[in-house]
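Dear colleague,

I am handing over the structure below, and after it I set out what was found in it. Please read the notes with the model open beside them.

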Amino acid sequence: MRRITMAPGSVFGPLHDHQGRPGVVNILQGTITDHRDGVATHYGPGVGWPEDSTTTHWLENQGTVPAVEISVDIISRT
């Protein structure tokens with residue numbers, strides 16, 4: 001689990017996948033734009049998204065305030 005703060009105008013990338021590292025994200029503050037398959041989706045406080053083996057994406061903060069997310073990865077111990 002990690003807490004990530006994205007300053008206004010920042011990008012979390014480059015394009016990356018979640019093979020072998022599925023998880024879930026929840027937005028605590030601000031808005032984060034998730035870019036997948038040419039589609040930009042905006043997520044605000046209290047909502048988030050799953051990240052599974054088919055997820056390939058990058059993120060950005062297009063807003064004017066810091067955006068904060070909690071990201072939890074599920075890692076197999078086998």
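Which residue in β5 is the bridge partner of Asp34? That partner is Thr41, and the notes that follow start from the sheet around this pair.

Please bear in mind that this is a predicted model, in which local features need pLDDT of at least 70 and side-chain atom pairs count only at pLDDT 80 or more, while totals for chains, interfaces and linings use all residues. Residues are numbered from 1 along each chain as its sequence is written, and side-chain values use heavy atoms, with hydrogens and water left out.

Four strands, in the order β2-β7-β4-β5, form an open sheet with antiparallel pairing; strands here are DSSP runs of E of at least two residues, numbered from the N terminus, and two of them pair if DSSP finds at least two bridges between them. At the edges are β2 (11-17) and β5 (39-43), each of which pairs on one side only, and the twist from one strand to the next averages 20 degrees, taken between axes that are lines fitted to C-alpha atoms, with angles from 0 to 180 degrees between N-to-C directions. Strands β4 and β5 run antiparallel and are joined by five bridges; their hairpin has two residues between the strands, and in it Asp37 takes a positive phi near 50 degrees. On its other pairing, β4 (residues 32-36) is joined to β7 (residues 56-60) by three bridges, again antiparallel.

Thr33

Thr33 lies in strand β4, and its bridge partner in β7 is Glu60. Thr33 has a relative accessible area of 1% and is therefore buried, where buried means under 20%, exposed over 50% and partly exposed in between, with a 1.4 Å probe and protein chains only. The side chain of Thr33 makes a polar contact of 2.8 Å with that of His42 and another of 3.5 Å with that of Gln62; a polar contact is a pair of N or O atoms within 3.5 Å, one able to donate a hydrogen and the other to accept it within protein, and residues adjacent in sequence count only if both atoms are side-chain atoms. Leaving aside neighbours within four places in sequence, the residues in contact with Thr33 (heavy atoms within 4.5 Å) include Ala40, Trp58 and Leu59.

Another open sheet has four strands in the order β1-β8-β3-β6, with antiparallel pairing. Because β1 (2-6) and β6 (48-51) stand at its edges with a single partner strand each, one side of each is left without a neighbour in the sheet. The twist here averages 25 degrees from one strand to the next. Six bridges pair β3 (residues 23-29) with β8 (residues 67-73) in the antiparallel sense, and Val25 has Ser71 as its bridge partner in β8.

The core and the aromatic pair

The largest nonpolar core has nine residues, among them Ile4, Val25, Tyr43, Trp49 and Leu59; such a core is a set of buried Ala, Val, Leu, Ile, Met, Phe, Trp, Tyr and Cys residues joined through side-chain atoms within 4.5 Å. Strands β1 and β3 each supply at least two residues of this core. Not counting residues up to four places away in sequence, Leu59 touches residues that include Met6, Ile32, Thr33 and Trp49.

A search of the whole structure finds one aromatic pair, in which the rings of Tyr43 and Trp49 are tilted, at 4.7 Å centre to centre and 45 degrees between the planes. Rings of Phe, Tyr and Trp (its six-membered ring) pair if their centres lie within 6.5 Å, and planes under 30 degrees apart count as stacked, over 60 as edge-to-face and the rest as tilted. Both Tyr43 and Trp49 are buried.

With best wishes
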